[in-house]
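Keep the structure open while you read.

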Amino acid sequence: MSLSAKEKVIVKDFFAKVSSRSDEIGAEALARLIVVYPQTKSYFAHWKDLSPNGAPVRKHGITVMGGVYEAVSKIDDLAGGLLTLSELHAFMLRVDPVNFKILSHCILVVLSMLFAEEFTPQIHVAVDKFLALVALALSEKYR
Amino acid sequence: MVEWTDFERATIQSVFEKMDYDDVGPAALSRCLVVYPWTQRYFGNFGNLYNAAAIQGNPMVAAHGKTVLHGLDRAVKNMDDIKATYAELSVLHSEKLRVDPDNFRLLADCLTIVVAARMGADFTADVQGAFQKFLAVVVSSLGRQYH
């Protein structure tokens, strides 16, 4: 399942449109991840504060969303463009790839919540595909 | 047996009480057919599903969306025994409709996203957690009788 040229435009346009709230999206998505899927907290045991609205979660959500935007800019070659991030996740963070799917779902929920009118089914499918491809690119170096 | 906290019980009742079934049902099903197009395999006799606009305007999709959403009412009223509540419907989906149970999960995800859009800020992380837990139990129950 690859992105058509039209879908790439949809993804780039939508993320450009919501970019002013990208920090909020990231923070909210990560907060939801740890509340709705508590097992994901296992990756953040080293944080003193694991509350969903606490500083570490918000800051990390912003970092992760920054990664998503980097992926948008490299949409024509995700595997190549996200090589460094893939190595990070594979060799250092060793996040089980099932969690990429879960986080993608949380991002979609937040986008739907914050941009109810704009997040039409057509945009939803393109963004969903894009996030799945980002997850795949991040898993490149795993084995 | 599934354990529900008071918050979860109250949340599920509240979310479904406030829901506009005529809006959410069609929106969730049509979104599912657009986002996961292979789910269209079960609706061969629904007529025009050729593109997103056709799907969203299709009256049979809308009607069926309402039917499916009302199907959740039983679980909302019987949260302490959802498994037994859906035993018959599970057999129906398995033996007669032959629906791959993974589709229940796909539709549940689309329903979550539609409800998030309708509720906006009220769809807090805790509400999302309760709602997804409820749907996960429903999805599991509907897949229970497959063999």
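Q: Why is A:His124 called buried?
A: This model is predicted, and in it A:His124 has a relative accessibility of 1%. Buried means under 20%, so A:His124 counts as buried. A:His124 sits in helix H7 (residues 121-138) of chain A.

Q: What does A:His124 touch, beyond residues up to four places away in sequence?
A: A:His124 touches A:Leu108 and A:Phe119 in chain A, and B:Arg31, B:Val35 and B:Ile113 in chain B. To count as a contact, heavy atoms must lie within 4.5 Å.

Q: Why is B:Leu33 called buried?
A: The relative accessible area of B:Leu33 is 0%. The limit is under 20%, so B:Leu33 is buried. You can find B:Leu33 in helix H2 (residues 21-35) of chain B, where B:Leu33 touches B:Thr39, B:Gln40, B:Phe43, B:Ile55 and B:Val61, leaving out residues up to four places away in sequence.

Q: What makes B:Arg98 exposed?
A: B:Arg98 has a relative accessible area of 56%. Exposed means over 50%, so B:Arg98 is exposed. Its place is in the loop between helix H7 (87-96) and H8 of chain B.

Q: Why is A:Arg94 called exposed?
A: Its relative accessible area is 60%, and the label needs over 50%, so A:Arg94 is exposed. Look for A:Arg94 in the loop between helix H5 (83-93) and H6 of chain A.

Q: How many residues line the largest pocket, and which lie nearest its centre?
A: The lining has 33 residues, and A:Lys101, A:Asp128, B:Tyr36, B:Arg105 and B:Asp109 lie nearest the centre. By class, the lining has 23 nonpolar, four polar and six charged residues. The volume of this pocket is about 1,100 Å³.

Q: Which helices each supply at least two residues of that lining?
A: In chain A they are helix H6 (98-114) and H7; in chain B they are H2, helix H8 (102-119) and helix H9 (125-143).

Q: What makes a set of residues a nonpolar core?
A: The residues must be buried, of nonpolar kinds such as Val, Leu or Phe, and joined through side-chain atoms within 4.5 Å. The largest such core has 81 residues, and those with the most contacts inside it are A:Val127, A:Phe130, B:Phe16, B:Leu111, B:Phe131 and B:Phe134. H6(A) gives the largest share of this core, 11 residues. A second, separate core of 15 residues includes B:Val35, B:Tyr36, B:Phe46 and B:Ala52.

How values were computed: Residues are numbered from 1 along each chain as its sequence is written. Chains are lettered from A and ligands numbered from 1 in the order in which they are written. This is a predicted model: local features need pLDDT of at least 70, side-chain atom pairs count only at pLDDT 80 or more; totals for chains, interfaces and linings use all residues. Side-chain values use heavy atoms; hydrogens and water are left out. Helices (H or I, at least four residues) and strands (E, at least two) are DSSP runs, numbered from the N terminus. Buried means under 20% relative accessible area, exposed over 50%, partly exposed in between (1.4 Å probe, protein chains only). On a 1 Å grid over the protein atoms alone, a cavity is a set of points where a 1.4 Å probe fits but cannot get out, and a pocket is an open set with protein on both sides within 12 Å along at least five of seven lines; lining residues have an atom within 4 Å of a point. Grid points are joined across faces, edges and corners, and a volume is the space filled by probe spheres set on the points. Ala, Val, Leu, Ile, Met, Phe, Trp, Tyr, Cys and Pro count as nonpolar, Asp, Glu, Lys and Arg as charged, and the others, Gly among them, as polar.
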